[in-house]
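Reader: I have a structure to look at and some questions about it. Can we go through them one by one?

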Amino acid sequence: MAKEPKPEELLKTINYTPPKTGWMDTPVEIKPGMFCWGAKAKSLNTVGFPNARDWNPTEEDWKLPDNWQEILIEGIRERLSKYRSFRLFMDICVRCGACADKCHFYIGTGDPKNMPVLRAELMRSVYRKYFTTPGKVLGKLAGARELDLQVLKEWWYYFFQCTECRRCSVFCPYGIDTAEVTMVGRELLNLLGLNIEWTMGPVAACYMKGNHLGLEPHTIVNNIEFMLDDIETITGIKVTPTFNRKGAEILFVTPSGDLFADPGTYTCMGYLMLFHELGLDYTWSTYASEGGNFGFFTSNEMAKRLNSKIYAEAKRLGVKWILGGECGHMWRVLNQYMDTWNGPADFLEVPKSPITGTVFDNAKSTKMTHIIEFTADLIKNGKLNLDKRRNDHLKVTFHDSCNTARGMGLFEEPRYVIKNTCNHFYEMPDGTTREQTFCCGSGSGLNAGEDMELRLKGGLPRANAAKYVHEKYGVNMLANICAIDRAALTTSMNYWVPAVGVTGVHELVANALVMKGEKKRETNLRGDPLQMPEEEPEVAAGAAAPAEKTAGGKANV
Amino acid sequence: MDLKSFLSEKRQAVLERWLDYVLSSYPSQTAEFLKNRKNQFANPVGNIISEGIGGVFDAVLADLEAGGQSDSGVADFLENIIKVRAIQDFSASEALGFVFSLKRAVRGEIDALGEDGEGFYKELGRLDGSVDKIALAAFDVYVRCREKIYELKADEVRKHTFRLLQQANLICETLPRKGGENDDNPEEKIG
Amino acid sequence: MKAFLPFLAVIFLVLLVIVGVKTASLYFLFGVVVPYAALLTFLAGVVYRTVKWGTTPVPFHIPTTCGQQKTLPWIKQSKIENPSGTGGVIVRMLLEVFMFRSLFRNLKTEMHEGPKITYGSDKWLWLAGLSFHWSFLFIVIRHLRFFTQGVPMPVQIVEGLDSFLQIGLPLVYITDVLFLAAVTYLFIRRVTIPQVKYISLAADYFPLFLLLAIGCSGVLMRYFLRVDIVSVKTFTMGLVSLRPKIVPGISTLFYIHLFLISTLFAYFPWSKLMHMGGVFLSPTRNLANNSRIKRHINPWNYPVKVHTYAEYEEDFREKMKMAGVPVEKE
């Protein structure tokens, strides 16, 4: 064993005294499995980002410009004058510690610098040194420190160990949102070309080709055609979507992950089947083929540049309104940023469901509706013929995605849809759902392969709650409305609770959906045989009261 | 009293010692959090560790009782702890060292008895045997966890490229054709 | 160390008064000049800081939503935790400011497994924070009796409420006890909870020691080493009416109390104590979640370089045509 101190020594160390060195004097150690590779010159050049060069975070030399300190200090100054959130959050923290153990990365890693308060102090300490009188005069005594290379590396390491999930901001008495600090931190790092390739690659691809995966138009069409073949095999129905079609009523935009990787593809098949069944007059776009926005994880400006395509395409195609697929950070952006950046969308109309006539007043200005709102409305109005028994082999729980939870408040709609498509639904324990939901551990562009240990650690709090309902109720499926969740939770569950699968909500909808003229279904969308009783399907047409089987999920065992 | 009954009686005390040894492998500030935060959802790591070592301890007692012949699985408990330790910043030896520290915890408890405890020293050999057995099992679990991590990485890449290969007609198209998600292949699962 | 220096600083401040008043008889300096200067610093500082925050734009609409959004009419909105209008925001802010709503949330996650050790520091933080701030407010209101002719009705009501226990002579004010207890607790948790200790700065300990010293000197004056209230009131009325004069017969203890309060006032705007003003301006709390309903304007929104559809089609026209995707230019 590498280091095994004698018992007496050990007992001394179990005195639990805090580290001898304060956090300012504990240098950052860049550990394998805990960071993502640095962005490549090629990706940075594509979008015109500064200091484009190939670099390796584990090497001593990060190939920084000579005046990097000056660039950062000026960058901070500029952002202090532009963002009240940033200025305020630099000033008002009282370090009460309420946020300390609320971060999934802190819970999973135990690293004190993953406490939200300390993550922000990494930045505040520099702010004090260069922008406040006490900091200038008293220095360390006032919690101020010089911006040196160690500090810079620490910033890089820890601002890319935050998924901007905003759970801490729920508990902060002043609403301090670490995501705001992380976002500014990443923008500053961006000024020196210190991005990660896992976000910069998709950003560059999205800029040039319209989506993160870099799918070219014919590939998008091909991909969807493959799904159409599968749908035909399963249902006997030929679905015929259109692309870049002018004059359609609705433009549909979804994260490109759904086009490509399982299990997102099944969710995508769900959209295709639902829209076909409704006879919806809608079109896909190959230009605005990305709902998500990895630009949001580099800089505000980049996010705006990528986001602009959605309104531009809606205008070019002359649609009336826009429908958005299941995604997390995509909806934070659409709800809180899009209209401000690229609006007003006065060339569109307030979204109105052509099937039910419901007008979505809550999207009066953005003209963009979430598909889960759209589908919940369909079910409420009895427009869908759903056979819940087809999902009887599933015991489902719902994971609230950070961004739709804390950046929007989309709680009841997905639950309503799930309860109307599945007979068995169980909530995870209080304190782990809704506004207090735990991040999947891979959000904000951290779902790379090389930081797998970080992701699994950060995913533990969520997986732990899922494990609890798995053991207590036999839950075997974790539903969610986020493309990153579908990819990341699949991996996390596979490690922590292998018996629990991951699904998008519209996969559940499509499996339950009895389509006009379909053949008898032998399998579900994943190709697994359906285990259905022989008798006639009892049709639960829409508005049937959702049979709530939740046991409340209270954890007081 | 034989060692087994003594340890059953002192279960709580031994476990506390053992937990302290396990937690001492973490930075002290972290150890404090892991130890004191009792909520199983707010502190999953700490809870998995305390529950896990309890389970392993009971398995050791059972093995002692069965005269070293017990084959009842400790894999579940071990697995829960090791899954956590396999992704923390430990080398293999550090990650698994906690098993051996049970020996120290038991000896510490016996030492505390002074002369009264001398009778137990004879039996310690058997205890060590049981602990070693579990340590070997732990090694298997650890390797499985690490393999699983690499498999997950490979899986993600596979999922990302599957459709491309499919389009290039490099994969024959039959249903089912999943990218490894929830494969019910017991070999692949950790447990 | 981080706690020790601030402790020394407060001791030093006390000694400064003792030396200044007792030996050097600098009554005018400590009784008049310092309080006025402190008050001016306080007012100017608070205005400066608040204006600085207030004039910094809020470019994006970023409320943290903690309840169901406004959506389809048959889904019940959580109007306070996720307000869509001004009314909801006002209630949310009131709850935040007067009841520390967010801190209270910690209670919910405190579920203990079995009857083992209970560890409820979060609930205590909420309670101590609330007791401290409310007591402080009550005490400030009570002190108004020194700055007004007669004793106004509201002050009398507060005094009555505060001493309703009717113990001791003079009657013990509940808030005096609560204030000292809460500040002591806040200090103890800072040095005993390792996470909190680890994140604490000298700037976190200084105000605690200062408040503790202010509280102690006040309590001493009221209950133990009684000061001549009539002289004090004469003196304070002089300050208020801008005709300050030193009244003889006021003990050094009073000057210590006054000087520490002056320090607090002068220190306030440049420290974390400004959270008091900041909480009202926090964009994650004071905005309604209505950014899909009403466009939020960013004053510094600027045009950015985008990759247009025309450029995109230029890149992929042939591939689009081959895949049957319509194009603008054939």
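**Chains and strands**

Author: The side chains of A:Lys246 and C:Glu328 join in a salt bridge, 2.7 Å from N to O. This comes from a predicted model.

Reader: How many salt bridges does the rule find across the interface of chain C and chain A?

Author: The rule asks for a Lys or Arg side-chain nitrogen within 4 Å of a carboxyl oxygen of Asp or Glu. A:Lys246 and C:Glu328 meet in a salt bridge at 2.7 Å. Across the interface of chain C and chain A, the count is 7.

Reader: What area is buried between chain C and chain A?

Author: The size of an interface is often given as the accessible area lost when the parts come together. Here carbon and sulfur atoms give 58% of that area. The buried area between chain C and chain A is about 8300 Å².

Reader: Now a strand. Are the two faces of β8 in chain A covered or open?

Author: In a regular strand the side chains alternate between the two faces of the sheet. On one side of β8 in chain A sit A:Gly501 and A:Thr503, and on the other A:Val502 and A:Gly504. All four are buried, so both faces are covered.

Reader: Which residue stands opposite A:Gly501?

Author: Strands β7 and β8 of chain A pair in the parallel sense over 4 bridges. A:Gly501 lies in β8 of chain A. The residue opposite is A:Met477.

Methods: Residues numbered from 1 in each chain as written. Chains lettered and ligands numbered in written order. Predicted model: local features only at pLDDT ≥ 70, side-chain atom pairs only at ≥ 80, totals over all residues. Heavy atoms only, no water. Buried < 20%, exposed > 50% of the residue type's maximum accessible area, 1.4 Å probe, protein only. Pairing = 2+ DSSP bridges. Buried area = accessible area lost by both parts, 1.4 Å probe.
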